[in-house]
Amino acid sequence: MQGQLVFIPVASDELDVLVGRVPVENRRAYTVTPDLLEELGYTADMAEDAEYAALVLASVAGLVEFGERVVVVADVDPALVEPGEDSPNGECLLTRCPPESMTAWFVDAPGVDLPEVRKGASIDEAWDMPEVQELLAEHDLLWNDVAEYRRSQ
């Protein structure tokens, strides 16, 4: 079975999703959609670039929803992924995500000054904010292996 990579914005106090204490059900997530490829002008051979774009869009969604950028990465059965409302930005609905499908999580480094984004703003509205563009340009998210988190629990 070929899995589908999804990027799930979470709040930092929800990281227990990595060990299954917080279930992931019917959750907004981000993935490479045909609309995202078209919107960004990516071709089929640019999968890695498109996946990175979906990660960045998920981080902006997390900034809007939670005021922070924490994104869980999972490789799931495509049957668990349904179309989302904002497909050009890679949004999808993740019906369920088993913890064993989660491979990594990304977060800002401690001390990064995060801009305030109006809760409920669209990704496009947040994206257009100069402070968000500055954050994206100056601060890459830090990669973390889920095994590290699981060992600490």
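Biologist: Why is S87 called buried in this predicted model?

Modeller: Its relative accessibility is 15%. Buried means under 20%, so S87 counts as buried.

Biologist: Where is S87 found?

Modeller: S87 sits in the loop between strand 4 (81–83) and strand 5 (91–96).

Biologist: What makes the pair S87 and D35 a polar contact?

Modeller: The side chains of S87 and D35 are joined at 3.0 Å. The cut-off for such a pair of N or O atoms is within 3.5 Å, so the pair qualifies as a polar contact. Leaving out residues up to four places away in sequence, S87 touches T33, D35 and L36.

Biologist: Why does N26 count as exposed?

Modeller: N26 has 55% relative accessibility. Exposed means over 50%, so N26 counts as exposed. N26 belongs to strand 2 (residues 25–30), and its phi is positive, about 45 degrees, although N26 is not a glycine.

Biologist: Which residues touch the most other members of the largest nonpolar core?

Modeller: They are F7, Y30, L55, V60, V117, I123 and V132, out of 27 residues in that core. Two or more residues each come from helix 2 (47–66), strand 3 (70–76), strand 6 (102–107), helix 3 (123–127) and helix 4 (130–138). Helix 2 gives the largest share, ten residues.

Biologist: What lies apart from this core?

Modeller: Another core of 21 residues, including I8, V17, A29 and V76.

Biologist: Which residues does Y30 touch, not counting those up to four places away in sequence?

Modeller: Among them are F7, A54, A58, A61 and I123. The contacts of Y30 also include N89, G90, E91 and C92.

Terms used:
Residues numbered from 1 in each chain as written. Predicted model: local features only at pLDDT ≥ 70, side-chain atom pairs only at ≥ 80, totals over all residues. Heavy atoms only, no water. Helix = DSSP H or I, 4+ residues; strand = E, 2+ residues; numbered from the N terminus. Buried < 20%, exposed > 50% of the residue type's maximum accessible area, 1.4 Å probe, protein only. Polar contact = N/O pair within 3.5 Å; in protein donor to acceptor, adjacent residues only side chain to side chain. Contact = heavy atoms within 4.5 Å. Core = buried A, V, L, I, M, F, W, Y, C linked by side-chain atoms within 4.5 Å.
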